[in-house]
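Hi everyone, thanks for making time for this. I'd like to walk you through a model, so let me put it up on the screen.

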Amino acid sequence: MLQREGLTFQQVARKKRFDRIGQVLLLIVGGYSFYTASKMSLVTLAKALGQKTSTVTAGFATLFLGGNLIKRLLPFLVRGMAPADVLNKSNSKLTDS
């Protein structure tokens with residue numbers, strides 16, 4: 001954009017500023033739409049199941065956290081792997097050196 005003929009630096013800066021404002025507004029609208037759709041589907045599911053919304057929310061949170069835990073543990077649960085092999089597979093440093 002800086003290489004276009006006839007555009008000053010201030011005009012380019014103004015255009016970029018408007019682009020950034022548009023991007024932020026798009027993210028806000030998208031986030032609010034996702035929130036509203038999630039809330040509506042959660043309330044609908046709670047009504048269909050005859051449960052409170054908090055119970056359904058807690059169930060989804062438990063499923064998410066349990067799935068995340070299993071996903072993190074699966075690389076270490078290989079049949080025939082010795083404990084020393086697990087240390088080699090970990091991504092964290094074990095010593096300060």
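Let me start with a question: what percentage of the 97 residues in the protein is buried? The figure is 4%. Please keep in mind as we go that this is a predicted model.

So how confident is the prediction? The protein has an average pLDDT of 86, and 80% of the residues reach at least 70.

Now the overall layout. You'll find three helices and zero strands, and from the N terminus the order reads α-α-α.

H1 covers residues 9-49 and H2 covers residues 53-73. Their axes come within 9 Å of each other and cross at roughly 110 degrees. Angles of 65 to 115 degrees count as roughly perpendicular, so H1 is roughly perpendicular to H2.

Which residues make that contact? On the H1 side they are Leu42, Val43, Leu45, Ala46 and Leu49. From H2 come Thr53, Val56, Thr57 and Phe60. Sorted by class, the contact between H1 and H2 has seven nonpolar residues, two polar ones and no charged ones.

One last stop, for those of you who like aromatics. How many aromatic pairs does a search of the whole structure find? It finds one. The partners are Tyr32 and Tyr35, with 6.3 Å from centre to centre and 40 degrees between the planes, a tilted arrangement. Both tyrosines sit in helix H1, three residues apart, which is about one turn of the helix.

Tyr35, at 48%, is partly exposed.

That's my tour, and I'm happy to take questions.

Terms used: Residues are numbered from 1 along each chain as its sequence is written. This is a predicted model: local features need pLDDT of at least 70, side-chain atom pairs count only at pLDDT 80 or more; totals for chains, interfaces and linings use all residues. Side-chain values use heavy atoms; hydrogens and water are left out. Axes are lines fitted to C-alpha atoms, for helices over the stretch in contact, and angles run from 0 to 180 degrees between N-to-C directions. Helices (H or I, at least four residues) and strands (E, at least two) are DSSP runs, numbered from the N terminus. Angles under 35 degrees count as roughly parallel, over 145 as roughly antiparallel, 65 to 115 as roughly perpendicular and the rest as oblique. Contact means heavy atoms within 4.5 Å. Ala, Val, Leu, Ile, Met, Phe, Trp, Tyr, Cys and Pro count as nonpolar, Asp, Glu, Lys and Arg as charged, and the others, Gly among them, as polar. Rings of Phe, Tyr and Trp (its six-membered ring) pair if their centres lie within 6.5 Å; planes under 30 degrees apart count as stacked, over 60 as edge-to-face and the rest as tilted. Buried means under 20% relative accessible area, exposed over 50%, partly exposed in between (1.4 Å probe, protein chains only). pLDDT is the predictor's confidence in each residue, from 0 to 100.
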